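Colleague: Before I use these coordinates, I would like to go through the terms in your description and hear what each one rests on.

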Amino acid sequence: MRTLLVTGPGGSGRTTVAAATALSAAREGGRTLLITADRVDTAEEQGLTVRRLAPGEEFRDDLLALQNRAASALDLLGAGRLEGEELTPLPGSEELALLRALRDARQAAYDTVVVDLPPVPRALSVLALPEQLRRYLRRLLPPERQAARALRPMLGRIAGVPMPAAWLYETAARWDTELAAAQAVIEAPDTTVRLVAEPGPGGADAVRAAATGLALLGLRTDALHANRVLPDDTADTWFAALIAQQRKTLDEWQEAYGERLIPLPHLGRDPRGADDLAALCVPAPAAAPEPVRWPVVDVLADEGVLIWHIPLPGAVREELGLIRRGDELVVTAGPFRRMVPLPSALRRCTVVGAGLREGELRVRFAPDPDLWPRTR
């Protein structure tokens, strides 16, 4: 399944580009699914299915199901029951609905799935959510520490506190399974991100920040759509400064993205309907590029260290941060942060330095004599 995640700054036209991409994929004969939380100006046609997220309905159904499961405890506490009509979605319900749609898409028989993500950086938060939540669940309720059911009453008396109920572990396991399914789609070899931005100073800053955040998550950008590009031959001098500004940014993007830069014309109006989407000439997703590598280079013989190469295009040295926490490395790049598990060889090492060079963070590790295998 080829999955394309589409995002960009607010107002950049990312929903339009996502719909046009899905339409192109469907018209090439592939079974295509478009996932979006916004209204799209295209009707479902042969080969194209549109799933519009309804986070309010899903939040209500989930909360009512949880309320029914905990009915005995709620009755014991004298709690009043919530009715479906009084429930409104809470912050985060849209993100969870999107992750659920990704999970469901993996189980369906589609050739291409196009996902209309929220604007960056909110989109990056959504993409990082499965990994983060699974880590929290493992810390709060480690599966390996779940006591056997027959021992829980005895352990509770010894400890003097009630042991966690079985349903709590079962719920955590179910959540972990669902999050793992969404994470598998996000990290799949056939999943890439397509950025959409208007050429200009604001769009350039947003693309630069998005490239850093995506790289920190280990995600690949297969294309950058420069949206609403004005024609060079316009006779209106009022647009001359705007066109020059667009050209300057397009030249910078061309140098950075090469063939992955795809300019989209300004139609002179807001695109409406399938004909306007087709007029944008947005290509269907091509084959996914090679996965991002974070190699560990062994220079023990020459320098006595192992170097972990972490690609972070667009990162600024002054906005980088590194913290070693056990077997994890906390990497901060501007507003983005990720806790990355260390490769097995680096867990027996200590961090001795780091540097940013040519868009790549290089972290130096020296073997810990107390943990590193000794040679005779």
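Colleague: Where does proline 121 lie?

Modeller: In this predicted model, proline 121 sits in the loop between strand S4 (112–116) and helix H5 (122–140).

Colleague: What is the phi of arginine 228, and in which strand does arginine 228 lie?

Modeller: Phi of arginine 228 is near 60°, which is a positive value in a residue other than glycine. Arginine 228 belongs to strand S6 (residues 221–229).

Colleague: What makes H8 roughly parallel to H9?

Modeller: Helix H8 (residues 201–216) and helix H9 (residues 240–257) pack at an angle of about 20°, and their axes are 9 Å apart. Angles under 35 degrees count as roughly parallel, and therefore H8 is described as roughly parallel to H9. As for handedness, H8 passes H9 in a right-handed crossing.

Colleague: Which residues make that contact, and how many of them are nonpolar, polar or charged?

Modeller: From H8 the contact takes Pro201, Gly203, Ala204, Val207 and Ala211, and from H9 it takes Gln245, Thr249, Trp253 and Tyr257. The residues of this contact of H8 with H9 divide into six nonpolar, three polar and no charged. Gly is counted among the polar residues, and Trp and Tyr among the nonpolar ones.

Colleague: What is the order of the strands in the open sheet of three strands, and what makes two of them edge strands?

Modeller: The order is S10-S11-S12, with antiparallel pairing. Strand S10 (320–325) and strand S12 (336–341) are called edge strands on the ground that each pairs on one side only. From one strand to the next, the twist of this sheet averages 15°.

Colleague: How do you know that S10 and S11 count as paired?

Modeller: Six bridges join S10 to strand S11 (residues 328–333), and the two run antiparallel. The criterion is at least two bridges between two strands, so S10 and S11, with six, count as a pair. Within the pairing, leucine 320 stands opposite alanine 333 in S11.

Colleague: Why are S8 and S13 said to stand at the edges of the open sheet of four strands?

Modeller: The order in that sheet is S8-S9-S14-S13, with antiparallel pairing. Strand S8 (296–299) and strand S13 (349–357) each have a single partner strand, so one side of each is left without a neighbour in the sheet. The twist here averages 25° from one strand to the next.

Colleague: Which elements have the lowest and the highest mean pLDDT?

Modeller: The protein as a whole averages a pLDDT of 86, and 83% of the residues score at least 70. Among its elements, helix H6 (residues 152–159) has the lowest mean pLDDT, 50, whereas strand S5 (residues 191–197) has the highest, 97. Over residues 147–151 the pLDDT is below 50, and beyond near neighbours in sequence that stretch has four contacts in the model. Residues 158–163 likewise have a pLDDT below 50, and this stretch has four contacts beyond near neighbours in sequence.

Notes:
Residues numbered from 1 in each chain as written. Predicted model: local features only at pLDDT ≥ 70, side-chain atom pairs only at ≥ 80, totals over all residues. Heavy atoms only, no water. pLDDT = per-residue confidence, 0-100. Contact = heavy atoms within 4.5 Å. Axes fitted to C-alpha atoms, helices over the stretch in contact; angles between N-to-C directions. Parallel < 35°, antiparallel > 145°, perpendicular 65-115°, else oblique. Left-handed = near helix turned anticlockwise from the far one by under 90°.
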